[in-house]
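Here is a guided walk through one structure. Keep the model open beside the text.

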Amino acid sequence: MTHVEELRPEGSFDKHRNMASTHSKFLSVWNVEAYYGESYIVQGVSFDIHEGEILALLGRNGAGKTSTLRTIARLDSPALKHGEIWLDHQPLHEMRAHQASAAGIGLVPEDRRIIPGLTVEENLQLAQIAPPKGWSIDRVYDLFPRLGERRKQEGVTLSGGEQQMLSIARALCRDIKVLLLDEPYEGLAPVIVQEIAKTLQIIRDQGITTVIVEQNAVAALKLADRAVILDIGKVVFDGSAREVLEDDALRSQYLAI
Ligand SMILES: Nc1ncnc2c1ncn2[C@@H]1O[C@H](COP(=O)(O)OP(=O)(O)OP(=O)(O)O)[C@@H](O)[C@H]1O
Ligand SMILES: [Mg+2]
């Protein structure tokens, strides 16, 4: 078991470590601290992801998963007060959200944000307005045939699973390097979860790096290469997804499953 305490005993961090020297990692989150107002929520989170990996970011309700994704995407809240975030040699910690988006971060938030009054295809076209353009709409329909069949349907009238597919598809229509998924399986039947998981594997095989936050930890762990577990805003485990699947004690301690 690779509990983080064992990997990095208290005080062992080299405070002067320069992230520029660790760029072999594609996305590096280093000692990130973020606040909602005075509330200290993301408490020194560090992890790295290699290009093309799927990382499951797990933890109980309120552990800080959504806040960590929002910090990486450089949304205004929570406010990043300390630490560095590097994406493929680009300092995300120095950017605002629109710059992080242009640098290749694609955040798919929990509420999916399908735009009312627009068809499936118009939702995708809108994502392509600002360059650089990512996948073509035809390529997206090859990946999600259900969206192609429903291209003329209003996006908000899609089923929950189809709406999740549309929100992932919309991210791919921009030129993203990293997909940040917040609870993509929420409220979906197991068969649809499996369908989306298969699609996420194809997306990985096409070179996109993914961070998946999920309450359905088992489904996320089956998909992921690696897992990071958060507890009260801190990393308590960083290792292979398989280790977490095989470690009942770890799962019951931090994931309540
Ligand atoms: N806008 C906000 N203002 C103040 N505190 C917030 C805000 N959003 C979240 N928090 C707090 O930050 C902590 C972490 O929340 P976060 O949403 O990141 O957790 P989470 O791991 O995503 O939980 P869940 O599994 O329930 O989605 C919680 O204590 C939450 O109450
Ligand atoms: Mg959340």
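Begin at the ligand. Helix α2 gives the most to the shell around ligand 1, with three residues. Helices (H or I, at least four residues) and strands (E, at least two) are DSSP runs numbered from the N terminus. Both β2 (39–49) and α2 (65–72) supply at least two residues of that shell. In total, 13 residues surround ligand 1, and the closest are Tyr36, Asn61, Lys65, Thr66 and Ser67. A residue is near a molecule if its C-beta atom, placed from the backbone, lies within 6 Å of it.

This is a predicted model: local features need pLDDT of at least 70, side-chain atom pairs count only at pLDDT 80 or more, and totals for chains, interfaces and linings use all residues. Residues are numbered from 1 along each chain as its sequence is written, while chains are lettered from A and ligands numbered from 1 in the order in which they are written.

A cis peptide bond joins Ser77 and Pro78, with omega about 0°. Pro78 sits in the loop between α2 and β4 (79–87).

Two loop residues other than glycine have positive phi. Arg112, with phi near 70°, lies between β6 (105–108) and α4 (120–127). Glu183, with phi of about 50°, lies between β7 (178–182) and α8 (190–205).

How exposed is the rest? Arg112 counts as buried because it has 21 C-beta neighbours inside 10 Å. Glu183 is buried too, also with 21. Arg139, in helix α5 (residues 137–143), has 14 and so counts as partly exposed. The cut-offs are 20 or more other C-beta atoms within 10 Å for buried, 12 or fewer for exposed, and in between for partly exposed, with C-beta atoms placed from the backbone.
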